[in-house]
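Hi,

Here's the structure I said I'd send over. Have a look at it first, then read on for what turned up.

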Amino acid sequence: MGNRGMEDLIPLINKLQDAFSSIGQSCNLDLPQIAVVGGQSAGKSSVLENFVGRDFLPRGSGIVTRRPLILQLINAKAEYAEFLHCKGKKFVDFEEVRQEIEAETDRLTGTNKGISSVPINLRVYSPNVLNLTLIDLPGITKVPVGDQPVDIEHQIKDMLLQFISRDSCLILAVTPANTDLANSDALKIAKEVDPPGLRTIGVITKLDLMDEGTDARDILENKLLPLRRGYIGVVNRSQKDIDGRKDIRAAMAAERKFFLSHPGYRHMAERMGTPHLQKTLNQQLTNHIRETLPALRNKLQSQLLSLEKEVEEYKNYRPDDPTRKTKALLQMVQQFAVEPEKGSGFGKDQHNGAVQRINRPSTKSPGTFHCTREGLCTSQGLRLWAAAF
């Protein structure tokens, strides 16, 4: 595959991601992606904003990211943002982007700091970014605040595991340097699903806030808790800088100066900093997509053939045929036995609710059927519909 083909890989996956998000389905395809994990106040938001060069993410105390944010960065001449749920609308004011994220989050989760695994899709076009797609996940928390459920820690962990457990997902584990790396929330959860550290990329933030006389050299040189993809250090703006609206470009210049002047890091300054991190992630995601593309293609073709075969079976379908009803009932029983709580929702509302989720035949077009977006595929819907008569 040539250079041009390599550059098209990330936009290709973006199109698939958008298509599946639009219909509320994943089609059981594990798309290659990078998920960002870290504890609260680890600096995840600052890292992402540094990539874009704009302040656009919600900030505050407690859990700020309450829905996954699929952030697609696209290199372009003009600078603007688009949301998948606001088709046709371009955001040129990034303060409005922040407000839209907050409003869309509250629309689904309410204002009580609850969380939801339904993602928000945001595209940012800019001449200052490299093609890159990241999924920003809620920060790991220990203690519920306000009227959050008491099990908020487990809810967040379960959500994170939904994304990072997939072999197709690279994990960007963000850890502040002024905490004990051995107790890093991000590295702990990454190690649960990636014990050898093959899919994990370590990011060390707040290097400028370490105690005087100490540094993170052993970590950044991959000697302590080594990862196959290594660690990259960054220096983000302080809270004072953020409150004072310090320009991100000025902050990047200060970051560069920090690594070049620090005695513990100057020998590795070319491998540190936000620009190097963004370039590395672009390369790693592109290579990862290239490696997983053959399996992804095979799985997609297999599902397509299976669906076409099932559609073929129903070309001459007759609802009043008793043999078809019997076969449909047997298939339902088999489905129930194998996956009682998966896909069709049998484990929750079994026959009545399941049947209610299937629309009856279309009166305008006899012989056609429709499914709701709750997860039932066409063939399952037809089988349930047949058994209901």
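Which residues does Ala 173 touch, not counting residues up to four places away in sequence? Keep in mind as you look that this is a predicted model. The list is Val 37, Ala 186, Leu 187, Thr 200, Ile 201, Gly 202 and Val 203. Ala 173 itself is part of strand β6, which covers residues 169–176. Its relative accessible area is 1%, and because the cut-off for buried is under 20%, Ala 173 counts as buried.

Now the overall picture. The protein has 389 residues, and 45% of them count as buried. You'll find 13 helices and 8 strands in it. If you take the contacts with a separation of 6 or more, 73% are between residues 24 or more positions apart. The exposed surface comes to about 20300 Å², with 52% of that supplied by carbon and sulfur atoms.

In soluble globular proteins, nonpolar side chains tend to be buried together. Here the largest nonpolar core has 43 residues, and the members touching the most others are Phe 51, Phe 56, Val 97, Ile 101, Leu 122, Leu 277 and Leu 281. Helix α10 (residues 274–313) gives the most to this core, namely 6 residues. Apart from that core there is another, of 37 residues, including Ala 186, Ala 190, Ile 204 and Met 268. Zoom in on Leu 122 if you can: leaving aside neighbours within four places in sequence, its contacts include Phe 56, Leu 69, Ala 81, Phe 83, Val 97 and Ile 101.

Strand β5 (residues 132–136) is worth a look as well: 5 of its 5 residues are buried. Leu 132, Leu 134 and Asp 136 point one way, while Thr 133 and Ile 135 point the other. Strand β5 pairs with β1 (residues 33–38) in the parallel sense, over 3 bridges, and there Ala 35 sits opposite Ile 135. With β2 (residues 69–75) the pairing is antiparallel, over 5 bridges, and Leu 73 has Leu 132 as its bridge partner.

Last, the cysteines. How many disulfides does a search of the whole structure find? The count is 0. Cys 86 is buried at 17% relative accessible area, and Cys 169 is buried too, at 0%.

Cheers

Methods
Residues numbered from 1 in each chain as written. Predicted model: local features only at pLDDT ≥ 70, side-chain atom pairs only at ≥ 80, totals over all residues. Heavy atoms only, no water. Core = buried A, V, L, I, M, F, W, Y, C linked by side-chain atoms within 4.5 Å. Buried < 20%, exposed > 50% of the residue type's maximum accessible area, 1.4 Å probe, protein only. Helix = DSSP H or I, 4+ residues; strand = E, 2+ residues; numbered from the N terminus. Contact = heavy atoms within 4.5 Å. Disulfide = S-S within 2.5 Å. Areas by Shrake-Rupley, 256 points an atom, 1.4 Å probe, with all protein chains shown as cover. Pairing = 2+ DSSP bridges.
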